[in-house]
Amino acid sequence: MPNIKSAKKRVITSRKKAVGNNVVESSRRTAIKNFEKAVKAGDKEVSSEKLNVALQRIDKSAKSGLIHKNKAARLKSRLTKMKNNME
């Protein structure tokens, strides 16, 4: 445990940020998994809705700095390609 007052404050704020980051990260991963399940099921309407949610979550992750903007672009491209290649 830190002894300096400012270091103690940093521990508290970093824990709060970590919790928020975990929420955003897990919601992004869940949205991507839900979209992939919809694609495997072959339901075009549901998959398009799930794609929109996944893209929003990816954008939020990139905006907050959790993932790099190029990774966000790559993920969005892959998901869109999956949707376009549905039978």
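The model is predicted, and local features require pLDDT of at least 70, side-chain atom pairs count only at pLDDT 80 or more, and totals for chains, interfaces and linings use all residues. Residues are numbered from 1 along each chain as its sequence is written, and side-chain values use heavy atoms, with hydrogens and water left out.

Helices and strands are DSSP runs numbered from the N terminus (helices: H or I, at least four residues; strands: E, at least two). Helix α1 covers residues 5–41. Helix α2 covers residues 44–63. Helix α3 covers residues 69–84.

Salt bridges were assigned by distance (a side-chain nitrogen of Lys or Arg within 4 Å of a carboxyl oxygen of Asp or Glu). The count comes to three salt bridges by this rule. Burial was classed by relative accessible area (buried under 20%, exposed over 50%, partly exposed in between; 1.4 Å probe, protein chains only). The areas themselves come from the Shrake-Rupley method with a 1.4 Å probe, and for residues only the protein chains shown count as cover.

Glu25, Arg28 and Arg29 are linked in a network of salt bridges. Arg28 and Glu25 are three residues apart in helix α1, so about one helical turn separates them. Both residues of this pair, Arg28 and Glu25, are buried. The relative accessible area of Glu25 is 17%, so Glu25 falls in the buried class. Arg28 is also classed as buried because its relative accessibility is 5%.

Glu25 also forms a salt bridge with Arg29, with 3.3 Å between the closest N and O atoms. These two residues, Glu25 and Arg29, are four residues apart in helix α1, so they too are separated by about one helical turn. Arg29 has 49% relative accessibility and therefore counts as partly exposed.

Asp59 and Lys76 form a salt bridge, their closest N and O atoms lying 2.8 Å apart. This pair links distant parts of the chain: Asp59 is in helix α2, Lys76 is in helix α3, and 17 residues separate them. Asp59 is partly exposed because its relative accessibility is 36%. Lys76 is likewise partly exposed, with a relative accessible area of 27%.

Polar contacts were also assigned (a pair of N or O atoms within 3.5 Å; within protein, one must be able to donate a hydrogen and the other to accept it, and residues adjacent in sequence count only if both atoms are side-chain atoms). The side chains of Arg28 and Glu25 are joined by a polar contact of 2.4 Å. Arg28 lies in helix α1. A polar contact of 3.4 Å joins the side chains of Arg28 and Ser61. Ser47 is located in helix α2. A polar atom of the Ser47 side chain lies 2.9 Å from the backbone oxygen of Asp43. Ser47 is buried because its relative accessibility is 0%.

Several C-alpha separations were computed for buried residues. Ala31 is in helix α1. Its relative accessible area is 5%, so Ala31 is buried. Ala31 and Arg57 are 26 residues apart in sequence, and their C-alpha atoms are 7.3 Å apart in space. Ile32 also belongs to helix α1. With 12% relative accessibility, Ile32 counts as buried. The C-alpha atoms of Ile32 and Ala54 are separated by 5.4 Å, while the two residues are 22 residues apart along the chain. Leu79 is part of helix α3. Leu79 has a relative accessible area of 4% and is therefore buried. From C-alpha to C-alpha, Leu79 and Ser27 are 16 Å apart in space and 52 residues apart in sequence.

Lys71, Arg74, Arg78 and Lys81 form a positive surface patch. Lys and Arg count as positive and Asp and Glu as negative, while His and the chain ends are not counted. Each charge is placed at NZ of Lys, CZ of Arg, CG of Asp or CD of Glu. Lys71 sits in helix α3. Its relative accessible area is 32%, so Lys71 is partly exposed.

Conventions: Patches are made of residues with over 30% relative accessible area and no salt bridge: like charges are joined within 9 Å, nonpolar side chains (Val, Leu, Ile, Met, Phe, Trp, Tyr) within 5 Å.
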